[in-house]
Amino acid sequence: MRHYELLVVVKPTLTVEELQAKLGFLKEILEKNGAVIAATLDMGTRKLAYQIDKFERGTYVVFYFTAPTAAIAEVERLIRITEEFIRFMTVKFENQKELRFWNKQVEKITKKSDAPAVVETKEIVEDTVTTEA
């Protein structure tokens, strides 16, 4: 099993439900091919460096996972034929320095997702002014 990072850029015109469905589809493909997803980072919609398929923006999502080498070819093939993914990039982490970076990234993402949301409440103090006539 090797360590990988998969960055996909999805069309910005998808609704939240459609985006979740496509990401679920991608996770299912990875898992069917023997991958174990360690973390997922949704980077949101950003401006592209250049126009791709008439889109100036794209939704970026990064998957960190371990998988057998043979699985990558099948995953990339299915990404290429799915219209909603406008770009993708797979990075393989091999040496010890790269693996330490991969582990740090996974740790950082999982800490963010496990942290409870902090809600700040502000007390609103209303002063009442009475005027005598």
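Trainee: Where is Gly58 found, and why does Gly58 count as buried?

Mentor: Gly58 is found in strand S3, strands being DSSP runs of E with at least two residues and helices runs of H or I with at least four, numbered from the N terminus. Buried means under 20% relative accessible area, exposed over 50% and partly exposed in between, with a 1.4 Å probe and protein chains only; Gly58 has 0% relative accessibility and therefore counts as buried. This is a predicted model, in which local features need pLDDT of at least 70, side-chain atom pairs count only at pLDDT 80 or more, and totals for chains, interfaces and linings use all residues. Residues are numbered from 1 along each chain as its sequence is written, and side-chain values use heavy atoms, with hydrogens and water left out.

Trainee: What makes H1 and H2 roughly antiparallel to each other?

Mentor: The axes of helix H1 (residues 16–32) and helix H2 (residues 69–81) cross at roughly 155 degrees, on a scale from 0 to 180 degrees between N-to-C directions. Angles under 35 degrees count as roughly parallel, over 145 as roughly antiparallel, 65 to 115 as roughly perpendicular and the rest as oblique, and H1 and H2 are therefore roughly antiparallel.

Trainee: Which residues make the contact between H1 and H2?

Mentor: Leu26, Ile29 and Leu30 of H1 meet Val75, Leu78 and Ile79 of H2, where contact means heavy atoms within 4.5 Å. Ile79 also touches residues including Leu6, Val8 and Phe85, leaving aside those up to four places away in sequence.
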